[in-house]
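Work through the exercises below with the structure open. Each task is followed by a worked solution.

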Amino acid sequence: EVRLVESGGGLVQAGGSLRLSCAASGVTLDDYVIAWFRQAPGKEREAVSSIYASDGSTYYADSVKGRFTISNVNAKNTVYLQMNSLKPEDTAVYYCVAEKEWKVVEGPPRAVDFDSWGQGTQVTVSS
């Protein structure tokens, strides 16, 4: 069973950058899809980005396209989300989740396809 730990959140001014980390243990992620979701107070959880480790295929929400970049799995079994040109509306708790590729539907990641959610990491962007 995959275990993931998110880190790298913090407080940043609008226009700044953060890099979130998603570190996996228990399994290697070579055949997984890894997705980032976020949830702000009073709002529903939304998909931000995802990547299929096997071929590098990515997804980005329209709201972050051109500003955020997801990395593929590295030698340390870690995925990153590089967030540039941050806006106050990016403020949320960010979650990293993963599932075997054959278990999920290709396209925008769906929360229902991922069954293990941690505490997330808080990102706050001030104006």
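**Exercise 1. Classify Arg-110 as buried, partly exposed or exposed, then describe its salt bridge.**

Solution. The model is a predicted one.

Step 1. Arg-110 has a relative accessibility of 39%. Buried ends under 20% and exposed begins over 50%. Arg-110 therefore counts as partly exposed.

Step 2. Arg-110 forms a salt bridge with Asp-113. The closest N and O atoms are 2.8 Å apart.

Step 3. Now classify Asp-113. At 14% relative accessibility, Asp-113 counts as buried.

**Exercise 2. Locate Asp-90 and list what surrounds it.**

Solution. 

Step 1. Find the element. Asp-90 sits in the loop between strand 8 and strand 9.

Step 2. Check the accessibility. The relative accessible area of Asp-90 is 0%, so this residue is buried.

Step 3. Collect the contacts, skipping neighbours within four places in sequence. Asp-90 then touches Arg-38, Arg-67, Phe-68, Ser-85, Val-123 and Val-125.

Step 4. Look for a polar contact. The side chains of Asp-90 and Arg-38 make one at 2.9 Å.

**Exercise 3. Find the salt bridges of Asp-90 and state which parts of the chain they join.**

Solution. 

Step 1. Start with the total. The whole structure holds five salt bridges.

Step 2. Take Arg-38. Its side chain meets that of Asp-90 in a salt bridge, 2.9 Å from N to O. Arg-38 belongs to strand 4 and Asp-90 to the loop between strand 8 and strand 9, so the pair ties together parts that are 52 residues apart in sequence. Arg-38 is buried, at a relative accessible area of 5%.

Step 3. Take Arg-67. Asp-90 forms a salt bridge with Arg-67, and the closest N and O atoms are 2.8 Å apart. This pair also links distant parts of the chain. Arg-67 lies in the loop between strand 6 (58-60) and strand 7, 23 residues from Asp-90. Both Asp-90 and Arg-67 are buried.

Step 4. Salt bridges link Arg-38, Glu-46, Arg-67 and Asp-90.

**Exercise 4. Describe the aromatic pairs of Phe-37 with Phe-114 and with Trp-117.**

Solution. 

Step 1. Count first. There are three aromatic pairs.

Step 2. Pair Phe-37 with Phe-114. Their ring centres are 5.9 Å apart, with 70 degrees between the planes. Planes over 60 degrees apart count as edge-to-face, and this pair is edge-to-face. Phe-37 is in strand 4, while Phe-114 is in the loop between strand 9 and strand 10. The two are 77 residues apart.

Step 3. Check burial. Phe-37 counts as buried at 2% relative accessibility. Phe-114 is buried too, with a relative accessible area of 5%.

Step 4. Pair Phe-37 with Trp-117. The centres are 5.2 Å apart and the planes stand at 65 degrees, so this pair is edge-to-face. Trp-117 lies in the loop between strand 9 and strand 10, 80 residues from Phe-37. At 26% relative accessibility, Trp-117 counts as partly exposed.

Step 5. Phe-37, Tyr-95, Phe-114 and Trp-117 form one aromatic cluster.

**Exercise 5. Identify the arginines that lie over the faces of Tyr-80 and Tyr-95.**

Solution. 

Step 1. Over Tyr-80 lies Arg-19, at 4.0 Å from the ring centre.

Step 2. Over Tyr-95 lies Arg-45, at 5.5 Å from the ring centre. Tyr-95 is also one of the members of the aromatic cluster.

How values were computed
Residues numbered from 1 in each chain as written. Heavy atoms only, no water. Helix = DSSP H or I, 4+ residues; strand = E, 2+ residues; numbered from the N terminus. Buried < 20%, exposed > 50% of the residue type's maximum accessible area, 1.4 Å probe, protein only. Polar contact = N/O pair within 3.5 Å; in protein donor to acceptor, adjacent residues only side chain to side chain. Contact = heavy atoms within 4.5 Å. Salt bridge = Lys/Arg side-chain N within 4 Å of Asp/Glu carboxyl O. Phe/Tyr/Trp six-rings, centres within 6.5 Å; stacked < 30°, edge-to-face > 60°. Lys NZ or Arg CZ within 6 Å of the ring centre and 35° of its normal.
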